[in-house]
Amino acid sequence: MIKETLLALQQQIQDCISQSSDSDRAVTLLAVSKGQSIKKMQEAIAAGQRHFGENYLQEALEKIAHLQNQAICWHFIGPIQSRKCADIARHFSWVHSVDRLKVARLLSQHRSATEEKLQICIQVNLDEERQKAGVSQEECLSLIEAIRPLEHIEIRGLMCIPSAQLRLEDTKKRFQELRTLLETINHKTGLHMDTLSMGMSQDMALAIASGSTMVRIGRALFGERDER
Ligand SMILES: *Cc1c(COP(=O)(O)O)cnc(C)c1O
């Protein structure tokens, strides 16, 4: 069941890419497994899925321990508290939700020098809602300049979560804004950020049409999540 859904999603992603203006691009499917069982994850792994995204550290650590013999690339995509940075830096390859310098410093500090650098995306808040996570567009460049010298971190790109309440047209506008922001910052800094982490189950096609290179898919792959 998961296998068929995964194949259908991959096909859908390919179709979206070939219909887009940037049809040579690769788009990584990140399977968002928060609130999903190990059994479902194992089905996805057996079907070839390699990238998994988790939001809650405790849940993630249990799954990482359980699946330690599998070749999985773990992505942390949830809100980050300072006291969790050590564990996140040790157990994940990617972090998509970095939005302040303090967190980036702690992640770098706790990343082992013998491992590959921690791959990060900066989460940008395009809706300017006060409560929401993410740095504003205006402050994104200076945050990146501040994070850039950190030794054990590699800045790979930008991530956004547009409000689910937006109309499609406005969601599309947010995705395009994130893409423009990435290009502008690359140009100004000489960085070669290559990742636009955008698009979830409900807006995947729109995100790929707007230049996404990594879509974060939960319910469309695994079904509804368990209550937490
Ligand atoms: C839960 C979550 C997703 C996946 O959402 P779906 O609607 O299940 O695809 C993607 N990104 C983030 C940051 C999430 O928290």
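**A walk through the predicted model**

Start with helix α5: the cover over its buried residues includes α4 (85-91), β4 (94-98), β5 (118-123), α6 (137-147) and β6 (153-159). Keep in mind that this is a predicted model, where local features need pLDDT of at least 70, side-chain atom pairs count only at pLDDT 80 or more, and totals for chains, interfaces and linings use all residues. Residues are numbered from 1 along each chain as its sequence is written, and side-chain values use heavy atoms, with hydrogens and water left out.

So who is under that cover? α5 spans residues 101-110, and its buried residues are Val 103, Ala 104, Leu 106, Leu 107 and Ser 108. Buried here means under 20% relative accessible area, exposed means over 50%, and partly exposed lies in between (1.4 Å probe, protein chains only). The helices (H or I, at least four residues) and strands (E, at least two) are DSSP runs, numbered from the N terminus. An α-helix has 3.6 residues a turn, so residues three or four places apart point the same way.

Now for the strands. β8 (residues 214-217) is covered on both faces, with Met 214 and Arg 216 buried on one side and Val 215 and Ile 217 buried on the other. β8 pairs in the parallel sense with β1 (residues 28-32) over four bridges; pairing takes at least two DSSP bridges between two strands. Val 215 of β8 is the bridge partner of Leu 29.

Back to α6, which packs against helix α7 (residues 168-189) at an angle of about 40°, with the axes 11 Å apart. Axes are lines fitted to C-alpha atoms, for helices over the stretch in contact, and angles run from 0 to 180 degrees between N-to-C directions. That angle makes α6 oblique to α7, since under 35 degrees counts as roughly parallel, over 145 as roughly antiparallel, 65 to 115 as roughly perpendicular and the rest as oblique. On the α6 side, the contact (heavy atoms within 4.5 Å) is made by Gln 137, Cys 140, Leu 141, Ile 144 and Glu 145, and on the α7 side by Glu 177, Leu 181, Ile 185, Lys 188 and Thr 189.

Finally, Ala 220 sits in helix α9 (residues 219-222) and counts as partly exposed because its relative accessibility is 34%. Leaving aside residues up to four places away in sequence, Ala 220 touches Thr 5, Leu 9 and Ser 201.
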